[in-house]
Amino acid sequence: MYQLLKQIAKTGIKTEEAPLADETLRVLQQRLQEGILKHLGRALAIRHVDAGSCNGCELEIHATNSPYYNLERLGIKFVASPRHADMLLVTGPVSRHMETALKRTYEATPDPKLVVAIGDCGCDGGIFGESYASCGRVANVIPVDVAVPGCPPTPLAIMQGILAAIKSQS
Amino acid sequence: MAFEELGINAAPLPGAMPAFHARIDASELHAMCEKARSQKARLVTLWGSDETTRGGGYALHLALAFPSGLLWLSVPLDRGHPHYPGIANIYPSADRMQRAAYDLVGIHAQENPDHRKWLRHGAWPGGVFPLRKDFDIANCFPPAEDHYPFIKVEGEGVHEIPVGPVHAGTIEPGHFRFTVVGEKILRLEERFGYKHKGIEKRFETMTLEEGARLAGRISGDSTVAYAWAYAMAVEGATGGTEPPRRALALRGILLELERVANHLGDIGYLGNDVALSFGFFQFWRLKEDLLRLNSQLFGHRYLMDMIVPGGVARDLSKREADLLLDRLEKVRGEVATLKSIYDEHAGAQDRFIMTGQVLPELAEKMGLTGFAGRASGIRHDLRVDYSIPPYQQLKVQLASHTRGDVAARVSVRFDELAESIRLIQALVQQLPSGDIRVPLVDAVSGRCGVGWVEGWRGEILIALEAGENHRIHRCHAHDPSWQNWPALQHAVIGNIVPDFPLINKSFNLSYSGHDL
Ligand code: SF4
């Protein structure tokens, strides 16, 4: 126990300053009202859906919870069910075998809801493109508010995308 | 030349790994596999191909690992009735691979106990085979229901818990069907294929060079291992393009960096899963430091696209090499401290020990591979078994354990982490001078190449056949998860449902690498 506490004390606080929203990642006009945004901005619940990624984007989503980025301190939390979520964070090209599951998850998420597509694959299908097995970009299957490019996008870029989605445009 | 072990003629394949190729008749397949099994040869992978554009029918291929090297067996199959005797009774891990080969190529394993589809859900109808040459990659079918008959277990107090494909955390999609009594797991049945995105078909639209980027995206957490295996296969298929020694050393550094990053992250998560969130924060701090260093030295946090056919894409300067040595020394020290905290943490050890056990005998039967195999007494590591450059002079230490539980997998991961740091340091210190890339020799259509690499999870194999004009005729990619997923079904039996995430994470298998 002593060693554990010593290690905590030695490590100190590693969390860095949070990035600002990146408005350029927005693909749809802000649909939510000011009042709702104000609430979401303080307590946003995200449900991640891997719709067919190579798992590279997941690595960076995990990293947003690491002590350096510490997404939770911004009031942004990953939740276990779409029914508890305000936002879906979707990775991958949407494989045809995940198309129904993604649509159902979207339907199960209560309104008002936001969708952020992650990675080159989420933005335009990436290297997998469209085929017998892949529907391509996320927007081909459900409406997307913000799309964050990168292969994979860095944790900072992912945070900038999430923040852009909950930022009021007015 | 004669391949003594099986008493057949096999042609040595050019390339870094000792590998041989032979053609056998379907009627010889069973006897050949029995003989291989009796000599403790492992089944690495099995796949199918369409040879109708070359005047043939279809073909079944398998790759077997012998102490002398890899044996790639091709079995030509009749165009009208492409079937062969299934080998799942000899190699149980063949079961799902045979079913996938049917879904994709339409070659049929007879006498297989399980004839359910595997990778196919509703994206294409039965009787249509995407990896056939007359199937157009853009061919889309209206989505259909996926009927999959799970095996039913009945009894008093028995009930089912279906989980997935969308899981509660940031996890890839797959379906787990638990049969439980109270909290105790009686049976687990897995169902995958959700992430199938047509990777192998996509390869066939690419040139040998273009394929490298795709190979690096089969399973993102193993991008280096796949890129290396792919590069090795292309180098073989182009008649033995030899990457410069400096490039090989850099490849070793990249692969070990990938191993270190993954073990750091997973060991952290394993702490988290047993309520030691201290472990998560500490190890993810170290992992993030390493990813940032990767980005600084190589321009990519996960080292994607660094290994290319013919060499590597980026060099390491003397100053950068020194920085790497310095940082790794610090990681080594920190990991040692954290390991002693994990070791002495009674709460964590209590959850780790005897949880999710795969005993050596079962591991051997199922063909468990990689670090999970080594934690269950399977003493194989490609870096040790076939010590080719750059591992030749490094005397890689094989980490192993025999208890096969979560604790054993954690222990092997810690050992491999430390060993990888030592290997990187040694490789950096002895970095040969010279070029980092050579041009590829032109590929001759029909030539085969094999890439076989010990990734952090286990052995990754790429089997490649060149087509006309430097294009890909067939590229089969194999992830070690194919062998290890079925073993997970056994590992959870008798455990409680809440321990499933812990057991699952201790293996951390790839869905994307499996579903292709
Ligand atoms: S964007 Fe890149 S990292 Fe993300 S899923 Fe696609 S290929 Fe993988």
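1. A word on classes before the counts: Ala, Val, Leu, Ile, Met, Phe, Trp, Tyr, Cys and Pro count as nonpolar, Asp, Glu, Lys and Arg as charged, and the others, Gly among them, as polar. On that basis the lining of the largest pocket holds 22 nonpolar, 14 polar and 11 charged residues. Note that the model is predicted.

2. The largest pocket has a volume of about 1,200 Å³. It has 47 lining residues, and those closest to its centre are His62(A), Gly169(B), Thr170(B), Ile171(B) and Tyr269(B). Helix 6 of chain B gives the largest share of this lining, six residues. Domain 2 (158–191) and domain 3 (199–514) of chain B each contribute at least three residues to the lining of the largest pocket.

3. Which residues surround the ligand? They are Ser53(A), Cys54(A), Gly56(A), Cys57(A), Gly119(A), Asp120(A), Cys121(A), Gly150(A), Cys151(A), Pro152(A) and Arg217(B). Because residues from chains A and B surround the ligand, the site is shared between chains.

4. Helix 5 of chain A supplies the largest share of the shell around the ligand, three residues. Helix 3 (56–63) and helix 5 (119–124) of chain A each provide at least two. The shell comprises five nonpolar, four polar and two charged residues.

Methods. Residues are numbered from 1 along each chain as its sequence is written. Chains are lettered from A and ligands numbered from 1 in the order in which they are written. This is a predicted model: local features need pLDDT of at least 70, side-chain atom pairs count only at pLDDT 80 or more; totals for chains, interfaces and linings use all residues. Side-chain values use heavy atoms; hydrogens and water are left out. A residue is near a molecule or strand if one of its heavy atoms lies within 4 Å of it. Helices (H or I, at least four residues) and strands (E, at least two) are DSSP runs, numbered from the N terminus. On a 1 Å grid over the protein atoms alone, a cavity is a set of points where a 1.4 Å probe fits but cannot get out, and a pocket is an open set with protein on both sides within 12 Å along at least five of seven lines; lining residues have an atom within 4 Å of a point. Grid points are joined across faces, edges and corners, and a volume is the space filled by probe spheres set on the points. Domain bounds come from an automatic or database domain assignment.
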